[in-house]
Structures are given as structure tokens and as C-alpha cells.
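Please examine the sequence and the three-dimensional structure shown below.

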Amino acid sequence: MPNKRKSSLVLVGHGSTLNPDSSAPTFQHADEIVRRGLFAEVYCSFWKEEPSLREVLQMVEGDDVYVVPNFISEGYFTEIVIPRELELVGPITHRSGKIIKYCEPVGNDPRMVDLLLHRAREAAPKVPLEKTSLLIVGHGTSLNEKSAEAAQSQARAIREKGIYAEVFEAYMEEAPFVADWRKNTSQPNVVVVPFFIADGLHSYQDIPVLLGIESAPTVAASQQEVFRRNPYRLDGRALYYASAIGTEPLMADVILDTIDRFDRKHLYDSAA
Amino acid sequence: MIRDELARLIQDGYNALGELEFAESSHGYFLYHSADRNLLSETRVYHSIEDARMIAKYDSSGAYRPLKGAPNLPRGWRIELTNVDELKRALDSFYPGAIGSWLAYQNGKAHPVCLRQTLNRQTGMYRVTRKLTDEQAQNLVQEACRSDSRCLRTILWGIEDSRPPDFLPSSKFDPTVDQTGQQRAALPFLCLEACNLLVAAARNTMKKSSR
């Protein structure tokens, strides 16, 4: 990627007032990018935590600012909330001597397919892939159809690679439902990867209950414990459950790719 | 640069922000909880920005601290940092944006945004907060933002534009007042606009009043 040592980076996460792990992946990826020394400065900002989207630009000292939403898909936050709070007018905003470049959400990056494959292999390193179903789990909601589309397009891209016996998307709140995994998959091994940015109530509790690997939504002593008991033996099948894809260390590279794609789309093209 | 401004402010005698105090040392700077001022030899020593972030994340009982301005930072630690840039980043981990906001405000680059303006631009689940009455708003802010138990920021916005928050004690909207009540040489810790927690609390008020 081109030299960005004179540029600033703002990673925007959702954050939470209840779940301390919600902002962790955003900080984790920011720390990794800081370690690589690629930008003059790197900040995180959140809708539900501090610094808020209203405050963060007062922290940024550079004039060339990339804003990358650490969100899994386009939707209400990337289209309405973030532009509104940062007072953006489009992909490029000029304000008070700064140029603010608003990138796509990280979940849009083509490299997400590689990350999902990597995470699935990590969760189930020894399963024969020709006898394994891969399930990409998204939230899915009637409020945001793009949330479901994101998981669907990842599943389609992985399916086309022909690596796993079968690849499906499943959702918590719309069909095909996670809870129907037994009838929707046919292989003796099933690997489940949540297509979420952070681990939280959905990946710790809701999805395990829907899968049938936890009986009730209780707070475990260590919430990470649910990812360490693989495989789960259910109805003669082996189920492997991975943590949220957004916690994958390679997400730092996805963020950098997202910036690179922004430049190619909005800067180099218009300069040509 | 903000770090240069911070170095100058320390030279001028400022040594506190919120519940924190900081000082120069032979190795750079160190940062600690003001209540540990006379117990520093008993504190556990840390060195990184990540440590600062983790300390700021939980209170002494281990409960998550979603509001960084809350006066419930845990005690018993000291962070040693090698230069003013690290000090700035550590302060930003405890009180995100506090120094940047104050400098921007001082330089006329940032201005308070009244509560009505914040609520009127809300959408989705927070749209309902547009209906908060002035009386409900005043009661809410008086309780949810109070310095003794909820948030140490100095509020500069009012309910309506061009009107100061005169429904609060005058000390709560005076940037020269140390909100911890210790009268230290504290950097102002400003609130230029209502945070999302207050907007969420406004939503709860509306839900309760509609029952």
C-alpha cells in the first residue's frame, strides 16, 4: 500500500455500554496498524463509547484523514449514523482545512473470504473438508437487509471455491435460521463461523443456544470458554464453533486493503 | 501539536485531569490516581498505553466502565511513560479526547452544541428523544451528569442554544473548577455535547413517561 505516514486513520466501531468486549477488536486492529508505523496517527471512535464520533476529529491533527467503519456490512450505521455524526457529505469531505475520506465498511472487503476460510480451518484443523459443512452466521434483520446480504455473498464466494462439501449462510433472526442447522446441513462435520465484528451476547450466548451447544443463555465464568470445547457432539455429528470473524488478527490487513480500495476508486481514477 | 501543548501546560504547572495526576520524572512522566498521591510506593507499576486502556475499562469491583468520565477509576497503579507523546496517549485512554477538545475549544475551533440540537438530529430508536421537555431534560442532566457520582466533565452546553446550563450548580459549568473538589491545577475536562449515554437515558425517560 502507498505511504500513508502523513495521513491519519480513524477506525469507527459500534461499541457498547454493556459489553466490554465490543470495542476490543477495533482497538486490537488499531494497535496492530500503529505497530506497523504506517500512519502518522491512528484513533478509534465509537457510537456507544468514547471518544464519540463528535469528539474524535478534535483529536486528529493531520489534514488527510481516512475514516474506516469497523462494521460487517453496509447499513444504518454506515449510511446514516456515521456520516451524520462526522458531518460527512460523501466519500470525500473537505472541512476546516481537512480532507476526510470515508471508506466502505471492512466487511465489504474481498479478503473477508480468506479470513473466513482461515478462521474455519483454525476452529477445525483436522476435519476432512469434503465431509464438512461450513455455516456463515449473520445477524439478519428486517431492519437492514444488507446485513443478511453480506453473509450471503461471503457464503456464495466460498461455495464457488469448492473447498467445503457445502457452504451455507444462516441467520439469527431470519430464514434460513441458525436453529435449523441440523436439517439444512448434511455432512458429519459442521463448522460455524459468526460473521460479526466482535464477540458479545450473540456469539457468546445467543448463537450457542440456537445451535444447541448451550442450554440456556447464562453468563459463563469465562465467556471465551464456548469456543474452546470443540468439537461438540450432537446427533452423531461433530460441530465446531469459531469466535466472531472480526476478532481475527488479519482484520488489520483488511482495514489497509479497504483504504487501498478507496484510493483506487476515488483518488487514482479521478486523477487519471 | 497537542503533545507540545500538553508539555507546555505541564511546564505551566498543570498536573491533573479528572481523577488522574501526572508528573515529570527522571525517565519521562508518570501517571496515577490522585487518591494514591501519598501511596505511590505501594502501587503496581505499568508501562504501556494498552495498560492504561485496561485500567480505565473496569472499576475496582471489576464492573465495566462505559462512561469514561465516571468518578470510579480503580486505584493502586502507576503508569511510567517515556515521553510526552505516550503521556498524551495514556491520558486519551482514560479520558478520550479531553485534551484535544479543550485545546480546540480554547482556539475557537470547537463550540458547545445544545442538547436540543443533539436530540433533534437523532434517528432510529433515539428519534423519540426529540420530544423530551425542558423540565425532563433539566431533571435528567441534573441527575445523570452530577460530578459527585456520575461524570466529572464540565458541561458547557445548555438545553437550548445560546443559553448556559444555569439549571446546574454554577461549578458544573465553570471550566476553571476542578470537578473532583480538590482544587488542583487541573486541565479542564469539558463536555461540549451530550454523549450517547445521556441520549440513551433521555430515551428511557421518554419510555417511562409514555407508560
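This is a predicted model: local features need pLDDT of at least 70, side-chain atom pairs count only at pLDDT 80 or more; totals for chains, interfaces and linings use all residues.

Residues are numbered from 1 along each chain as its sequence is written, and chains are lettered from A and ligands numbered from 1 in the order in which they are written.

Chain A contains 8 helices and 10 strands; these are DSSP runs, helices being H or I of at least four residues and strands E of at least two, numbered from the N terminus. Along its principal axes, the C-alpha trace of chain A spans about 65 × 40 × 35 Å. The radius of gyration of chain A, 19 Å, agrees with the value near 19 Å that a compact globule of 272 residues would have; the radius is taken over C-alpha atoms, and the globule rule is 2.2 Å times the number of residues to the power 0.38.

The domain assignment, which is automatic or from a database, gives chain A a domain 1 (4-107 + 250-271) and a domain 2 (112-247). Their centres, taken over C-alpha atoms, are separated by 27 Å. Across the boundary, 17 residues of domain 1 of chain A are in contact with 16 residues of domain 2 of chain A, contact meaning that the C-beta atoms, placed from the backbone, lie within 7 Å. On the side of domain 1 of chain A that touches domain 2 of chain A, α1 (24-35) and α8 (251-271) of chain A each supply at least two residues.

Turning to the interior, 47% of the 272 residues of chain A count as buried, that is, 20 or more other C-beta atoms, placed from the backbone, lie within 10 Å of the residue's own. The largest nonpolar core has 77 residues, and among the members that touch the most others are Val67(A), Val68(A), Leu135(A) and Ile255(A). Such a core is a set of buried Ala, Val, Leu, Ile, Met, Phe, Trp, Tyr and Cys residues joined through C-beta atoms within 7 Å. Leaving aside neighbours within four places in sequence, the contacts of Val68(A) include Leu9(A), Cys103(A), Ile255(A) and Ile259(A).

Strand β7 (residues 166-171) of chain A is mostly covered, with 5 of its 6 residues buried. Strand β6 (residues 132-138) of chain A pairs with β7(A) in the parallel sense over 6 bridges, where pairing requires at least two bridges found by DSSP. Within this pair, Ile136(A) stands opposite Glu169(A) in β7(A).

Chain B is divided into domain 1 (2-95) and domain 2 (111-210), with their C-alpha centres 25 Å apart. Their contact takes 15 residues from domain 1 of chain B and 13 residues from domain 2 of chain B.

Finally, the two chains meet in a contact that takes 22 residues from chain B and 19 residues from chain A. Helices α2 (49-57), α4 (98-106) and α7 (196-210) of chain B each supply at least two residues of the side of chain B that touches chain A.

Notes. A residue is buried if 20 or more other C-beta atoms lie within 10 Å of its own, exposed if 12 or fewer, and partly exposed in between; C-beta atoms are placed from the backbone.
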